[in-house]
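Hi,

Here is the structure I promised to pass on. Have a look at it first, and my notes follow below.

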Amino acid sequence: MGYVTTVIIGAGQAGLAMSFELTARGIDHVVLERGQVANAWRKDRWDSLRLLTPNWQSRLPGGAYTGTDPDGFSAIADLAVRLQGYARRHAMPVRTGIDVRAVTPGPMGYRVHTQAGPFDCRNVVVASGACARPAVPALADGLPGDLPAFTTFDYKRPADLPEGGVLVVGGSATGLQLAREIQRSGRQVILSTGEHVRAPRSYRGRDVQWWLDASGLMDTSYRDVDDISRVRSLPSFQLAGSAEPLDFNGLQADGVEIVGRLSMIRDGQALFSGGLRNHCALADLKLDRMLDGFDAWADANGLREALPRGDRPDATVLTGTPRLGLDLTSGEVRSVLWATGYRPDHSFLELPVFDRRGRLIHDGGVVTAAPGIYALGLPFLRRRKSTLIDGAGADARDLANHMLGALAGARAA
């Protein structure tokens, strides 16, 4: 397919933000997308999903939200249309329907192998995102063979599941949203959770994302974190894209049964940890600390009177004694839904850039073991907000500047 200075893999928000920044610096490039623009948003999410961030926070370079509902939460179909329009408005060089099969060393630096032929390039930007595959724990292999199991890539709506009870595994945003949706469809849900992070949808009259953004917490640099590996693996906030709060208290009011972390499946028996109350108490403690921090920031910035004092979310109250086991052969549950997170797919990189666990080794998105390889859209890549639409632009700007400097140095050498 010829030579181009940079190949961007993925036309989601990260890839499109990088295209904008490279164009601004005069760096020729092409964006390769296996499906359509925003393909993962279109194909790999459930029907009712809405963004967890308000519309005003859907900021891309040269593409701020201009609609009539800045405090609302976009449906995924609307987001895909906006991203498509963003690419078209800026005449981005997106090639759709191009499946990247491998990235290997090449005569100009790297060769990107696709079903449409190879692209030779100096730089590759991996912008295929952090949610390319569902993360299913190894203990899933112990499920009875006749018990249907689904991931969040399989699930689109409650009607996709068999009638009867459902075991939902995972206590972050996805698990809680789907547990509530499935319970309200008339199926009894048992939700298994371990460590989790509570967050209010709003506090003192402002969305939680306003607090995180205005206080600067979302701009925290990866260099300012003591244990970045641990932080990158933390659970996501328990939030939904609506004004309705989402927590275990509300789920239990809907009839969802909460149990501890799924620790083992043996001989058809699911065994749950006895640490649920401790996990809930710790989440409540961290929630209070976060809100204390918001209050202190508001006071320090002269907002004590401007922002009303609001009630804090109630502490988690577990109804009854959480069960420690479930017979998966009894018929009490007729399906299992794994809401246990996601992971990126970098298997096409045939380069020595991975650690022993198969994770991409990078320094804020710069893959130092393979100069010219960059990554975007991964958790806390350069900032706390790196996986958000709002974080794509800032990270892309930094990496585009790094790339421009490297290209200038190569020309001067």
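At what angle do helix 1 and helix 9 pack, and how far apart are their axes? Before the reply, a word on the source: this is a predicted model, where local features need pLDDT of at least 70 and side-chain atom pairs count only at pLDDT 80 or more, while totals for chains, interfaces and linings use all residues. Residues are numbered from 1 along each chain as its sequence is written, and side-chain values use heavy atoms, with hydrogens and water left out.

Now the helices (DSSP runs of H or I, at least four residues, numbered from the N terminus, as are strands, which are runs of E of at least two). Helix 1 (residues 13-24) packs against helix 9 (residues 389-412) at about 45°, with the axes 8 Å apart. Axes here are lines fitted to C-alpha atoms, for helices over the stretch in contact, and angles run from 0 to 180 degrees between N-to-C directions. That makes helix 1 oblique to helix 9; angles under 35 degrees count as roughly parallel, over 145 as roughly antiparallel, 65 to 115 as roughly perpendicular and the rest as oblique.

Helix 1 also meets helix 3 (residues 76-89): their axes come within 11 Å and cross at roughly 20°. That makes helix 1 roughly parallel to helix 3.

On to the strands, which count as paired if DSSP finds at least two bridges between them. Strand 4 (residues 100-106) and strand 5 (residues 109-114) are antiparallel over six bridges, and a hairpin of two residues joins them. G106 has G109 of strand 5 as its bridge partner. Strand 5 is also joined to strand 6 (residues 119-126), again antiparallel, by three bridges, and V112 is bridged to F119 there. That hairpin has four residues between the strands, and G117 takes a positive phi near 115° in it.

There is also an open sheet of three strands in the order 16-17-18, with antiparallel pairing. Its edge strands are strand 16 (262-266) and strand 18 (325-327), each pairing on one side only. Strand 16 and strand 17 (residues 269-272) share four bridges, and R266 stands opposite Q269.

Last, the lining of the second largest pocket: eight nonpolar, three polar and six charged residues. (Ala, Val, Leu, Ile, Met, Phe, Trp, Tyr, Cys and Pro count as nonpolar, Asp, Glu, Lys and Arg as charged, and the others, Gly among them, as polar. A pocket is an open set of points on a 1 Å grid over the protein atoms alone, where a 1.4 Å probe fits, with protein on both sides within 12 Å along at least five of seven lines; lining residues have an atom within 4 Å of a point.)

Cheers
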